[in-house]
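Hello,

The structure is below, and my notes on what was found in it follow. Please read them with the model open.

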Amino acid sequence: MLKLLGSIMVIASLSGIGFCFAGGLKKKLELMEAIKTMAYLMHGNIKYANATLPEALASVTAKHKGELKGFLHEVTGILEENEGESFMVIWNGAIDRMFPENREELSFLRRLGEIFMYTDRRMQLSGIELFIEQIDTDIAELAQELKPKCYLYKMMGILAGIFVVIITL
Amino acid sequence: MVKKDITNLLSLGLRKTFQKIEIDADRLQEIRLRSEKPIVLKYDNKEYFINSQGVLLKDYEKGVCVSQSEIRETLEYIGNYSLYAYEEEIGQGFLTVSGGHRVGVAGKVIVEQGRKKNMKYISSINIRLAHEIKGCADRVLPFLFDRSGAFLHTLIISPPLGGKTTMLRDLVRQISNGKDNVNGLNVGLVDERSEIAACYLGVPQNDVGLRTDVLDCCPKAEGMEMLLRSMSPQVMAADEIGLEKDAEVLRHVFGCGCKLLATVHGQNIDELKKRQFFKDFFRDKLFERYVVLNKGISIYDENERRLNA
């Protein structure tokens, strides 16, 4: 009875790890899509309203419903307070605070922050356009890989659980 | 102490120095920052340097110098982290920040197809502080109405830093609100450089009166046309007229029953008369009042007779 209970727990926990990895991949895709949406909205605000970064970010914060809302709110608040920090320090600081786990996709967010530092409007807009193109390609690649990879992670988790149970019995 | 809206424009290092200064903020007129040179303040019409303790000095040798990185950082705050949004203004050499303060910049000009486009390597910043002085037009206002209580076409003349924008702002406020026996009038204000109303996100930060419609950051000629069509103002106010394209619109304003309240750079009436732009206006006596701000306030009628003692 005890052995059976232990086997179930091993299989469940290793399967859980597999499901967790698959979930992480979905989360990555969601965050990348949220960053792309934000880049689009910022582009529109800068191009058509000639908005400053605090204005544009405030407007995007109001419209954004995804995972980035808290981050955008944090950045906008600090920019409006103007306590004397450079934009990159504020931007990267907010990324570190709002996303404490080191996620690979955060590099997109950091890169977008660097583009916002351009002082020329045309350069700023073309930088955002190029960024959108690049992230679009990465999203498409990830979306293509998502289904087989998720399946693989889940199956590997379950099979690893079964394997451990077999060799320990 | 220097007001927070001013210190917030400066780099962190400069903020610390400015927070130590013990002065009457209302008498501070200018802050000049030049790369690798001492900070210069214009305070109460006199020039001063400051040391790291925030003490005003006459001697430049002990003055705090500004580094190029501090200039860059200051620009970042002045431009609200978004210098790209002020490209056109920087191309013209100045931008206006929240509070109506005017920031002049100098550096390397980028020219594209013979036209100045932008500026880079900015090495000098001049912050000219706007002061809202409510009541500064009290002595002038009674002379700007005729016996029936109608407002008269008025031109305010003053050299740079003579206070014409401050005077214009207070006149707009008082004309708009109404005073004593004079009813308030609808005022259309074309605030080309955001210096008068100091709009932030479209809302005036300075008090320009309850019947004032502000067209912010709009070129004067186009702005006056727009306001005439859209808001039917009784008084049209604009700062620093004098461009050729303004003349036609001004004539339109004179001819449509709307009264004009404007300012111009100049020492006195005689100097203006020599300028081609004003020749016709003087010949036709279109302006009915001249307010000259030069070592005191002098008010003249259309025949250039002085009205105040």
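A residue is called buried here when its relative accessible area is under 20%, exposed when it is over 50%, and partly exposed in between, with a 1.4 Å probe and protein chains only. By that rule A:M88 is buried, at 18% relative accessibility.

This is a predicted model, in which local features need pLDDT of at least 70, side-chain atom pairs count only at pLDDT 80 or more, and totals for chains, interfaces and linings use all residues. Residues are numbered from 1 along each chain as its sequence is written, chains are lettered from A and ligands numbered from 1 in the order in which they are written, and side-chain values use heavy atoms, with hydrogens and water left out.

Chain A

A:M88 sits in helix α4 of chain A; helices (H or I, at least four residues) and strands (E, at least two) are DSSP runs, numbered from the N terminus. Contact means heavy atoms within 4.5 Å. Apart from neighbours within four places in sequence, A:M88 is in contact with A:G93, A:R110, A:G113, A:E114 and A:M117. From A:M88 to A:E114 there are 26 residues in sequence, and their C-alpha atoms are 7.1 Å apart.

Helix α5 of chain A covers residues 106-115, and its buried residues are A:L106, A:F108, A:L109, A:L112, A:G113 and A:I115. These lie on the same side of α5(A) because they cover an arc of only 165° around the axis, the arc being that of the directions from the helix axis to the C-beta atoms. An α-helix has 3.6 residues a turn, so residues three or four places apart point the same way. The cover over the buried residues of α5(A) includes α1 (2-49), α3 (69-81), α4 (87-98) and α6 (121-168) of chain A.

Between the chains

How much area is buried between chain B and chain A? The figure is about 1700 Å², with carbon and sulfur atoms giving 44% of it. Buried area is the accessible area (1.4 Å probe) that two parts lose on being put together, summed over both. On the chain B side, B:E76, B:Y81 and B:Y84 lose the most area to chain A, and together they make up 41% of what that side buries. The contact takes 23 residues from chain A and 18 residues from chain B.

The count of salt bridges between chain B and chain A is one. A salt bridge is a side-chain nitrogen of Lys or Arg within 4 Å of a carboxyl oxygen of Asp or Glu. A:R122 and B:E112 form a salt bridge, with their closest N and O atoms 3.3 Å apart. On the side of chain B that touches chain A, α2 (12-20), α3 (68-78) and β7 (115-128) of chain B each supply at least two residues. That side has eight nonpolar, four polar and six charged residues. For these classes, Ala, Val, Leu, Ile, Met, Phe, Trp, Tyr, Cys and Pro count as nonpolar, Asp, Glu, Lys and Arg as charged, and the others, Gly among them, as polar.

Salt bridges within the chains

Over all chains the structure holds 24 salt bridges. One of them joins A:R97 and A:E74, with the closest N and O atoms 2.7 Å apart. A:R97 is in helix α4 and A:E74 in helix α3 of chain A, so the pair ties together parts that are 23 residues apart in sequence. A:R97 is partly exposed at 47% relative accessibility, and A:E74 is partly exposed at 24%.

In chain B, B:D44 and B:R27 form a salt bridge, the closest N and O atoms being 3.0 Å apart. B:D44 lies in the loop between β2 (40-43) and β3 (46-50), and B:R27 in the loop between α2 and β1 (28-34), so this pair ties together parts 17 residues apart in sequence. Their relative accessible areas make both partly exposed: 33% for B:D44 and 38% for B:R27.

B:K179 and B:D138 also meet in a salt bridge through their side chains (3.1 Å, N to O). B:K179 is in the loop between α5 (164-177) and β9 (187-191) of chain B and B:D138 in the loop between β7 and β8, so parts 41 residues apart in sequence are tied together. Salt bridges that share partners join B:R102, B:R193, B:E195 and B:E240 into one network.

Regards
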